[in-house]
Amino acid sequence: MAWPDALPRRGLYLITPDTTDNLRLFSQCLRVLPARPALLQYRNKSTDPALRLAQAQTLRALTRAAGVGLIINDDVALAAQVGADGVHLGRDDGDIAAARARLGEHAILGASCYDQLPLARAAIAAGADYVAFGAVCPSATKPNAVRAPLSLFADSAALGAPRVAIGGITPANAGEIVAAGADMLAVIGGVFDAEDPLAAACALSAGWG
């Protein structure tokens, strides 16, 4: 397991909206990076590799300038290509050990564990640096996602790794989720769809004092 000393292990974990509009994406991220999220994850399901590379390269530059860690969703090769700080893998997105071998000992590796504590235990045993549970609330991004009870954060405390909550998180419900034991709040719409994205990001970041 690895975690760069310069990057926090608690706080807001922003996930980018999925868009092919580069200018909009970069503008949105520039607006919220002053909130100093713990991490920013680049997420884009496009099948256009040139688009994904261009977006990831620019986000790498923006996050580096802001002192924010960059995580790539699902794509170990892209994470290596742009020099990201790490990668996040879902259940069908590849092997944690293989990602470690490709990205090195200092990469941050995350794993989606849905509503299953055994998956989290297995991910940590394989070398993951953090685990994510969700959806903790109804999610507009993934309306059919399995719901994960907040009790998972207490149940997983002994894992000794940061635990990320994802799914339907907003400033209105963030306090309850942090109180349940989440170390990070992974948010897309709760920030990027807000009337004032920077204010929403700052409100979410304030949950840890």
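Predicted model: local features only at pLDDT ≥ 70, side-chain atom pairs only at ≥ 80, totals over all residues.
Reader: Let's start with H5. Which residues are buried there?

Author: In H5, the buried ones are Leu 117, Ala 120, Ala 123 and Ile 124. Buried means under 20% relative accessible area, exposed means over 50%, and partly exposed is in between (1.4 Å probe, protein chains only). Helices (H or I, at least four residues) and strands (E, at least two) are DSSP runs, numbered from the N terminus.

Reader: What covers the buried residues of H5?

Author: The cover includes strand E5 (108–114), E6 and helix H6 (151–155). Just after H5, Gly 127 has a positive phi of about 115 degrees.

Reader: Switching to the strands. In what order do they close into a barrel?

Author: Eight strands close up as E1-E2-E3-E4-E5-E6-E7-E8, with parallel pairing. On average, neighbouring strands of this sheet are turned by 25 degrees against each other, direction ignored. Axes are lines fitted to C-alpha atoms, for helices over the stretch in contact, and angles run from 0 to 180 degrees between N-to-C directions. Two strands pair if DSSP finds at least two bridges between them.

Reader: How many bridges join E7 to E8?

Author: Three, and the two strands run parallel. In that region, Val 164 stands opposite Met 184 in E8. As for helices on the sheet, H2 packs on it, touching E2 and E3, and the direction of H2 makes about 170 degrees with that of E2. Contact here means heavy atoms within 4.5 Å.

Reader: Now charges. How many salt bridges are there?

Author: Six. A salt bridge is a side-chain nitrogen of Lys or Arg within 4 Å of a carboxyl oxygen of Asp or Glu. One of them joins Arg 100 and Asp 129 (2.8 Å, N to O). Arg 100 lies in helix H4 (residues 96–103) and Asp 129 in the loop between helix H5 (117–126) and strand E6 (130–134), so the pair ties together parts that are 29 residues apart in sequence.

Reader: Are Arg 100 and Asp 129 buried or exposed?

Author: Both Arg 100 and Asp 129 are buried. Arg 163 and Asp 183 also meet in a salt bridge (3.3 Å, N to O), with Arg 163 in strand E7 (residues 163–166) and Asp 183 in the loop between helix H7 (174–179) and strand E8 (184–187). Arg 163 and Asp 183 are buried as well.

Reader: Which residues are linked with those two in a network?

Author: Arg 10 joins Arg 163 and Asp 183 in a network of salt bridges.

Reader: Last one: what is Gly 83 in contact with, leaving aside its neighbours within four places in sequence?

Author: Gly 83 is in contact with Arg 60 and Arg 64. Gly 83 sits in the loop between H3 and strand E4 (86–89) and is partly exposed, with a relative accessible area of 36%.

Note on methods
Residues numbered from 1 in each chain as written. Heavy atoms only, no water.
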